[in-house]
Amino acid sequence: MKRTNVVQPPVHELHCLVDVVDELLDSLVELEQRVQQASDHYDTRPWQAENFARDLPGKRELSLVATVSGKPVGFLIASRRPDGAHIHRVATDPRHQGLGIATRLLALLLARVPGIITLICDACNQPALALYARVGFRVTGTTPEGKLSLATGTVFRR
Ligand SMILES: CC(C)(COP(=O)(O)OP(=O)(O)OC[C@H]1O[C@@H](n2cnc3c(N)ncnc32)[C@H](O)[C@@H]1OP(=O)(O)O)[C@@H](O)C(=O)NCCC(=O)NCCS
């Protein structure tokens with residue numbers, strides 16, 4: 001049989017933030033800076049260690065980190081809200097984008113949280129908006145700063 005050389009993407013592992021935050025805190029800050037430098041539509045102020053470590057309801061359990069060979073390549077930071085959860089951050093290392101990491105992180109959160117999940121996104125961030133639409137988010141409004149509010153589930157607006 002003829003063999004072809006197929007290059008496989010590196011396999012990533014998923015962890016709860018609570019299990020890796022102490023060990024990977026510096027690497028998460030460094031990853032955040034790299035993502036921010038590579039993206040035109042991410043937050044202009046990259047998160048520092050205190051932002052990752054800051055305690056919010058359910059944050060350490062709901063938040064997820066993807067690693068390859070023990071190094072973080074993506075993360076989703078979320079906390080509990082009375083009716084579900086809010087996503088504060090989703091990012092994938094520019095060298096690992098397009099491999100399904102953010103899709104997997106979002107799918108896991110959606111499977112875990114029965115209520116409504118909300119997030120805010122820059123209206124120009126087409127890759128992120130396409131991804132959110134594909135996993136079930138809908139635009140529900142605009143923030144005072146002009147960003148888009150998105151949510152899963154049925155949201156009633158008056
Ligand atoms: C948005 C982001 C988190 C997606 O992460 P990812 O791990 O690459 O996402 P996935 O591999 O699951 O891909 C999801 C979809 O987006 C597409 N995509 C991912 N990165 C892309 C890019 N840079 N340009 C165009 N499309 C991209 C993928 O092709 C895929 O689409 P498909 O399933 O129709 O083929 C990532 O691009 C990122 O970190 N961007 C910078 C930070 C950011 O903007 N975060 C969101 C703030 S609201």
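Serine 79 has its place in strand β3 of this predicted model, in which local features need pLDDT of at least 70, side-chain atom pairs count only at pLDDT 80 or more, and totals for chains, interfaces and linings use all residues. Residues are numbered from 1 along each chain as its sequence is written, and side-chain values use heavy atoms, with hydrogens and water left out. Helices (H or I, at least four residues) and strands (E, at least two) are DSSP runs, numbered from the N terminus. With a relative accessibility of 3%, serine 79 counts as buried, a word that stands for under 20% relative accessible area, whereas exposed stands for over 50% and partly exposed for values in between (1.4 Å probe, protein chains only). Its side chain makes a polar contact with the side chain of histidine 88 at 2.8 Å; a polar contact is a pair of N or O atoms within 3.5 Å, and within protein one must be able to donate a hydrogen and the other to accept it, while residues adjacent in sequence count only if both atoms are side-chain atoms. Apart from neighbours within four places in sequence, the residues in contact with serine 79 include Leu56, Pro57, Gly84 and His86, where contact means heavy atoms within 4.5 Å. By contrast, proline 82, in the loop between β3 and β4, is exposed, with a relative accessible area of 91%.

The sheet is open and consists of seven strands in the order β1-β2-β3-β4-β5-β7-β6, with mixed pairing; two strands pair if DSSP finds at least two bridges between them. At the edges stand β1 (13-16) and β6 (138-142), each with a single partner strand, so one side of each is left without a neighbour in the sheet. Strands β4 (residues 84-92) and β5 (residues 116-121) pair in the parallel sense over three bridges, and within this pairing glycine 84 has isoleucine 116 as its bridge partner, while histidine 86 has threonine 118. The chain passes from β4 through α4 to β5 in a right-handed β-α-β crossover, a term meaning that, with the strands pointing away from the viewer, the path from the first strand over the helix to the second runs clockwise. On its other pairing, with β7, strand β5 is antiparallel over four bridges, and isoleucine 120 stands opposite serine 149 in β7.

In a regular strand the side chains alternate between the two faces of the sheet. In β5, the covered face holds Ile117, Leu119 and Cys121, and the uncovered face holds Ile116, Thr118 and Ile120. Helix α4 (residues 101-112) lies across β1, β2 (64-68), β3 (71-81), β4 and β5, and runs at about 30 degrees to β3; axes are lines fitted to C-alpha atoms, for helices over the stretch in contact, and angles run from 0 to 180 degrees between N-to-C directions.

The ligand is surrounded by 21 residues, of which the closest are Val90, Gly98, Gly100, Thr103 and Asn125, a residue being near a molecule if one of its heavy atoms lies within 4 Å of it. A nitrogen atom of the ligand lies 2.8 Å from a polar backbone atom of valine 90, and an oxygen atom of the ligand lies 2.7 Å from an N or O atom in the side chain of asparagine 125.
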